[in-house]
Amino acid sequence: MNVTKHVLKGRQLHNEGCLGMVPAEQGEYPKASNHERITENNDFIMDMQTGGLLERILDRDNMNNAYLRVKSNKGVGGVDKMRVDELLPYLKENKDKLLEQLRLGKYKPQPVRRVEIPKEEKGKVRKLGIPTVVDRVIQQAIMQVLTPIYEPQFSDNSYGFRPNRGAHDALRKCQEYADEGYCYVVDMDLEKFFDTVCQSKLMEVLSRSIKDGRVMSLINKYLNAGIVQHGVFERSEKGVPQGGPLSPLLSNVMLNELDKELEKRGHRFVRYADDCMILCKSRKSAERTMLSITKFIEGKLFLKVNKEKTVVARINKVKFLGYGFYIYKGKCRLKLHSKSKVKMKSKLREILNRNKGISNEARRRNYMQFIKGWLQYFRLADMKDILRDIDGWIRRRIRAVYWKQWKKIKTRYRMIRRYDIPEWKVHELANCRRGPWRAALMLNQILSDKEIASQGYIPMTSYYLHICEN
């Protein structure tokens, strides 16, 4: 295929020429070069447990499962612009060559494509690194083999990016600790964690369990593959690109060092990815813990703690995974945090925007898709009263959408007469000169709550009461 040849040519250009585009200066952590020399040695002594890992990674079934996972996740293309639906023809044509390069240690990953996602804080962005679809398959294959090796090593208090664990488990654990009297929280915030991981430290931690030097070398190549942003190549001498299948596992491997330290000190804590809550019984002990753990994180793990966002507070004053906490009759309960409510209403404004040129069916579909996903995540929170108010606000926005669509007076006459109301009332509503938002208050006479629900806009309260766990 022409596409395949073009992509392969692009990959060869990167392999041969990109290193000449970057400066020769070393990064912030000069020890990284030592680990590069170690991991590039393919004669590294193999351990009985993890020796021959590369063969397990390149196993036919493992690679096929990795391909199917990447295909099901879809996603955008990387720097070579190859799409997921072009992946299968490429692999059929280049499979043998690709596997041979991986076995011989000659494969060089493409740099990741930098994508910036706006954060909640105004002016701040989350930097994602999108690997090519070929590199995503290889990373997924590595992750599938390494996960069973590292899962037994990980802490029971770690919940992010792990099989059969999730945010709800982390929240329930926080409730459990709070019910035991640990009501003061050290809310740790690691500043730009994925962008500041010390690669040499990460490789040192990985080498304790991975004894196949070829796999270590491949992981090291992915860490140093570089970044392309606005067509400009940048070296990646620190950090783990957030966006590839391997990144979540590597982040857990790194932060497992923090988990082990906290366990050794006997602390109650809950960690979800780089969000960590350490729970204590008094404010003084929480403040002492914050100081000592900050020294460990910055001195031993070479990560940076955000001093402005890391706080000591009672559990009812903190936000964790979008939830807030409150104490009722001596028990810790979950509620919707105010920031999560603001974010949710902002998304609904976008979906129910009366000036958005989409069909009513597409608007209904987008609405239902959002509220089902959102409520499934926040179903642990006590929020019936909040949702009743939001449902009223949603219905008014829906009525405003219909009023905007009934722009002409003759259209209003035709649409309002369908609701079997007196002609004088039809005349009054059709000739209303108010704007859509004010006119929406009048339309509740014809577009009742029941009528709106019958058109596919199920109230959030109804769905919440159906699935909530309180």
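**The aromatic rings and their surroundings**

Modeller: Let me begin with a charge over a ring: Lys 345 lies over the face of Trp 393, 4.6 Å from the ring centre. Please keep in mind that this is a predicted model. A second example involves Tyr 182, whose ring has the charged end of Lys 281 over it, at 5.1 Å from the centre.

Now to rings that meet other rings. A pair of this kind is described by the distance between the centres and the angle between the planes. The structure holds nine aromatic pairs. One of them joins Tyr 150 and Phe 154, with 6.1 Å from centre to centre and 20 degrees between the planes, which makes the pair stacked. Both partners are covered: Tyr 150 counts as buried because its relative accessibility is 3%, and Phe 154 is buried as well, with a relative accessible area of 7%. Tyr 377 and Phe 378 show another geometry: their ring centres are 4.8 Å apart and their planes are at 85 degrees, so this pair is edge-to-face. Their cover can be read from the accessibility: Tyr 377 is at 28%, so it counts as partly exposed, whereas Phe 378, with a relative accessible area of 7%, is buried.

Tyr 377 and Phe 378 belong to one aromatic cluster together with Tyr 323 and Trp 374. Tyr 323 leads us on to a histidine. Leaving aside neighbours within four places in sequence, His 337 is in contact with Tyr 323, and also with Val 318, Lys 319, Gly 322 and Gly 324. His 337 itself is found in the loop between β10 (331–336) and α13 (338–351). Although it belongs to a loop, His 337 counts as buried, because its relative accessibility is 16% and the cut-off for buried is under 20%. The side chain of His 337 also reaches the backbone nitrogen of Lys 339, at 3.1 Å.

In soluble globular proteins, nonpolar side chains tend to be buried together. Here the largest nonpolar core has 69 residues, and Leu 206 and Ile 219 have the most contacts inside it. Helix α6 (residues 133–150) gives the most to this core, with 11 residues. Not counting residues up to four places away in sequence, Leu 206 touches Tyr 150, along with Met 216, Ile 219, Leu 250 and Val 253. Apart from this core lies another, of 62 residues, and tyrosines take part there too: its members include Tyr 413 and Tyr 464, as well as Leu 375 and Met 460.

Phe 296 is found in helix α12 (residues 283–300), and it counts as buried because its relative accessibility is 13%. Phe 296 touches Glu 257, Leu 258, Glu 261, Arg 265 and Leu 301, not counting residues up to four places away in sequence. Take Leu 258: it is 38 residues from Phe 296 in sequence, while the two are 8.2 Å apart in space, C-alpha to C-alpha.

The protein chain has 20 helices and 10 strands, and buried residues make up 50% of its 470 residues. Among its contacts between residues at least 6 apart in sequence, 74% join residues at least 24 apart. The chain exposes about 24500 Å², with carbon and sulfur atoms supplying 51% of it.

Technical notes
Residues numbered from 1 in each chain as written. Predicted model: local features only at pLDDT ≥ 70, side-chain atom pairs only at ≥ 80, totals over all residues. Heavy atoms only, no water. Helix = DSSP H or I, 4+ residues; strand = E, 2+ residues; numbered from the N terminus. Buried < 20%, exposed > 50% of the residue type's maximum accessible area, 1.4 Å probe, protein only. Contact = heavy atoms within 4.5 Å. Areas by Shrake-Rupley, 256 points an atom, 1.4 Å probe, with all protein chains shown as cover. Phe/Tyr/Trp six-rings, centres within 6.5 Å; stacked < 30°, edge-to-face > 60°. Lys NZ or Arg CZ within 6 Å of the ring centre and 35° of its normal. Polar contact = N/O pair within 3.5 Å; in protein donor to acceptor, adjacent residues only side chain to side chain. Core = buried A, V, L, I, M, F, W, Y, C linked by side-chain atoms within 4.5 Å.
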